[in-house]
Amino acid sequence: MLDDGRVEVKTGNRRGVSLGDLAKASQGFPGFSFAPGQTPGLEHTAYFTPPQAAYCNGTHVVEVEVDPETGGVRILNYAVAHDSGNLINPLIVDGQIQGGVAHGIGNALLEWMGYDANAQPVTTTFADYLLPGACDVPHINAVHLETPSPLNPLGVKGAGEGGTIPAAAAIVAAIENALEPFGVKLHESPMTPDRIVAAIRKRAGGRTHESQQT
């Protein structure tokens, strides 16, 4: 044990040694070889690398309201069933999910990266590249499942990705479902209001053309 600048041992002829002497000895002496695997110095760093990454998984369910005149989208309900394996700190994992969904809402509805004809970005400030605010993120009803991973000693999995990755697909699918009476099919994100209105008008124009052809 360490006590008053010394390292004390329970057995042996020499019951203790100062940290200074220990530091000198740990640097090695001429003609003295360290045991295999040991390196000079008192500092040691080790990393644990699992043989395979343990990914989280989950399901997102979203209910939205869409204004076909303005293209505005309002998220009414958002639920997540998420499995991160054993939860060491449930509060932190829940925060990861909540933040991940907020990020995914931005991906789905707001965060459009635009470029001009010369491939120069045109959405270079937060006035142009919109991020979700408090009014854009609803209450997230998150349910945590715990299926231990067999790939590491703690049985843990990732956390944040499961909140972000499914969000855009779930929200765009919900928008498409809400616009089912218009026959709109959506294939991109973010679904900004102008894109939603354009998709509705394009489909309406196509229906008019079809009726004329008939």
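**Sheets, helices and charged pairs**

Author: Let's start with a helix on a sheet: helix H1 (residues 19-26) lies across S1, S2 and S3, and runs at about 85 degrees to S3. Contact here is heavy atoms within 4.5 Å. Axes are lines fitted to C-alpha atoms, for helices over the stretch in contact, with angles from 0 to 180 degrees between N-to-C directions. Helices (H or I, at least four residues) and strands (E, at least two) are DSSP runs, numbered from the N terminus.

Reader: Before we go on, what sort of model is it, and what should I keep in mind?

Author: It is a predicted model: local features need pLDDT of at least 70, side-chain atom pairs count only at pLDDT 80 or more, and totals for chains, interfaces and linings use all residues. Residues are numbered from 1 along each chain as its sequence is written, and side-chain values use heavy atoms, with hydrogens and water left out.

Reader: In what order do S1, S2 and S3 sit in their sheet?

Author: First, the pairing rule: two strands pair if DSSP finds at least two bridges between them. Here the open sheet of 3 strands has the order S1-S2-S3, with antiparallel pairing. Strand S1 (2-3) and strand S3 (16-18) are the edge strands, each pairing on one side only. Strand S2 (residues 6-8) is joined to S3 by 3 bridges, and Glu-8 has Gly-16 as its bridge partner in S3.

Reader: Which residue forms a salt bridge with Glu-8?

Author: Side chains of opposite charge can pair when their charged atoms come close. The cut-off for a salt bridge is a side-chain nitrogen of Lys or Arg within 4 Å of a carboxyl oxygen of Asp or Glu. The partner of Glu-8 is Arg-6, with the closest N and O atoms 3.2 Å apart.

Reader: How many salt bridges does the structure hold?

Author: There are 4. One of them joins the side chains of Lys-157 and Asp-83, at 3.6 Å from N to O. That pair links distant parts of the chain, 74 residues apart: Lys-157 is in the loop between strand S6 (140-145) and helix H3 (161-178), and Asp-83 is in strand S5 (residues 73-83). Asp-83 is buried, with a relative accessible area of 4%. Another salt bridge is between Arg-195 and Glu-188, at 3.7 Å; Arg-195 is partly exposed at 22%, and Glu-188 is partly exposed at 42%.

Reader: Back to S5, then. How is the sheet that holds S5 arranged?

Author: It is an open sheet of 3 strands in the order S4-S5-S6, with mixed pairing. S4 and S6 stand at the edges with a single partner strand each, so one side of each has no neighbour in the sheet. The twist averages 10 degrees from one strand to the next. S4 and S5 run antiparallel and are joined by 10 bridges; among the facing residues, Thr-59 stands opposite Ala-81, and Gly-58 has His-82 as its bridge partner. The S4 and S5 hairpin has 6 residues between the strands, and there Gly-71 takes a positive phi near 80 degrees.

Reader: Which strands does H2 touch?

Author: H2 packs on the sheet and touches S4, S5 and S6, its direction making about 130 degrees with that of S6. The buried residues of H2 include Val-93, Ile-97 and Leu-109. Their cover includes strand S4 (57-66), S5, S6 and H3.

Reader: And where does H3 lie, and how many residues does it have?

Author: H3 lies across S4 and S5, at about 35 degrees to S4. For length, the expected span of a helix is 1.5 Å times one less than its number of residues. H3 has 18 residues and reaches 26 Å from its first C-alpha to its last, close to the 26 Å expected.

Reader: Where does H3 bend?

Author: The bend at a residue is the angle between axes fitted to the seven residues ending there and the seven starting there. H3 bends by about 35 degrees at Ala-167, and Ala-167 is one of the buried residues of H3.

Technical notes. Buried < 20%, exposed > 50% of the residue type's maximum accessible area, 1.4 Å probe, protein only.
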